[in-house]
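Please examine the sequence and the structure shown below.

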Amino acid sequence: KFITRFARYYTPVVVILAVLLAVIPPLIIKEATFSDWIYRALSFLVVSCPCALVISIPLTFFSGIGGASKRGILVKGSNYFEALANTEIVVFDKTGTLTKGVFSVKEIYSDSIPKDELLELAAYAESYSNHPISSSILKAYGKEIDKNDITDVEEISGHGIKAVVKGKNVAAGNAKLMNQLGIANYKEEPAGTVVHVAVDNVYAGYILIADDLKSDSADAIKKLKDGNIKQIVMLTGDGVNVGEKVGKELGLSKVYAELLPADKVSKLEELLSQTSPNGKLAYVGDGINDAPVLARADVGIAMGALGSDAAIEAADVVIMTDEPSKIPLAIRISKKVLGIAKQNLIFAIVIKVMILLLSALGITNLWAAIFGDVGVTILAILNSFRALAVDKQD
């Protein structure tokens, strides 16, 4: 944007100055010749050509896109480098982003029916859902599901699922679902993701499901803190005890739990208001429920390996390896790209202004002007290729 605005004024001003330089001095200076001043004006025009800026600045960003992609970070546009470099707040989803998203059943608590029956009814009810929690229950059940035994399936976003299984009304979900149905559920929830099960409006028990942290999540949070990120926040639909446990393990600034997809957007709006005028907010997620938040953030970052198509489509940056540690790397690459672009900008302008003045005074000849144009352009282009390289720290 700066280069576009710059060229809009720079080009006509330089052309007008060159014409004035060729015409006015011979008319007002004794013994001045038109041939001498036209030569100076031509040198002035040659060195003033903005090739170094117009070519090297975009090339720096394109090189940055290439360098990031070599590390599994796909950046969908040059403008997102600027946004990433100015990031002040990073907001994470939990499941599949900071955690592996591979759930496994750790405990089955039965209150009024046998554990095997509880797991069976929960598996049948969850069989129409593609949520990772549902998959873990089906995996624990390990038997074939007869879909003919299931009717009236209703999935309630952010709460759970209801269905009629073998003539019984089964509800499986979080405490919100139990409260919504007016069912007195087990109050002392253990640390983990809990799926409460009610059969015919009577609380039957719960299934405890655990999701392990990714191996590099803690390292990613540490590097973000070292990179002067002001706030690192987690938004999750899981219970408060689960969210706080993860937040404490990773050292997050804030944790907001029990959020529906719409609640995440509202909370993001609140966090956006806490950024400085030039500061940006990045949101990292992977699920279809994250798509609205990814689109609303200044920079949406999606986990691309296991992430949903909707999340990848809505995101501005895609992490193809699903590693949270790529987030601080992406920010470092962005700052490096912007640094190289500013180097090219300052170098080209300073050299050109010096040679422009010397050309106008007749101290240099056309060869210096050619260096001021072509030479500076080549040097700036070579410098822009540094954005392709990834330093040893990364």
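Predicted model: local features only at pLDDT ≥ 70, side-chain atom pairs only at ≥ 80, totals over all residues.

Residues are numbered from 1 along each chain as its sequence is written, and side-chain values use heavy atoms, with hydrogens and water left out.

Two or more lining residues come from each of α1 (2-28), α3 (51-70), α4 (79-85) and α13 (326-360). Helices (H or I, at least four residues) and strands (E, at least two) are DSSP runs, numbered from the N terminus. The lining consists of nine nonpolar, four polar and four charged residues; Ala, Val, Leu, Ile, Met, Phe, Trp, Tyr, Cys and Pro count as nonpolar, Asp, Glu, Lys and Arg as charged, and the others, Gly among them, as polar.

Helix α13 also packs against other helices. Helix α2 (residues 34-48) meets α13 at an angle of about 175 degrees, with the axes 8 Å apart. Axes are lines fitted to C-alpha atoms, for helices over the stretch in contact, and angles run from 0 to 180 degrees between N-to-C directions. The two helices are therefore roughly antiparallel, a term for angles over 145 degrees, whereas those under 35 degrees count as roughly parallel. In this contact (heavy atoms within 4.5 Å), α2 contributes W37, R40, S43, F44, V47 and S48, and α13 contributes K352, I355, L356, S359 and A360. Six of these residues are nonpolar, three polar and two charged.

The axes of helix α8 (residues 217-226) and α13 come within 8 Å and cross at roughly 30 degrees, which makes α8 roughly parallel to α13. Here A220, K223 and L224 of α8 touch I327, P328, I331 and R332 of α13. This contact has five nonpolar, no polar and two charged residues.

Turning to the sheets, six strands form an open, antiparallel one in the order β3-β8-β7-β6-β5-β4. Two strands pair if DSSP finds at least two bridges between them. Because β3 (104-110) and β4 (150-156) stand at the edges with a single partner strand each, one side of each is left without a neighbour in the sheet. Within this sheet, six bridges join β5 (residues 160-165) to β6 (residues 168-173), and G160 has G173 as its bridge partner in β6.

Another open sheet has seven strands in the order β1-β13-β12-β11-β2-β9-β10, with mixed pairing. Its edge strands, β1 (73-75) and β10 (254-256), each pair on one side only. Strand β9 (residues 231-235) pairs with β10 in the parallel sense over three bridges, and L235 stands opposite Y256 in β10. Helix α10 (residues 261-272) lies across β2 (87-93), β9, β10 and β11 (280-285), and runs at about 155 degrees to β11.

Notes. Parallel < 35°, antiparallel > 145°, perpendicular 65-115°, else oblique.
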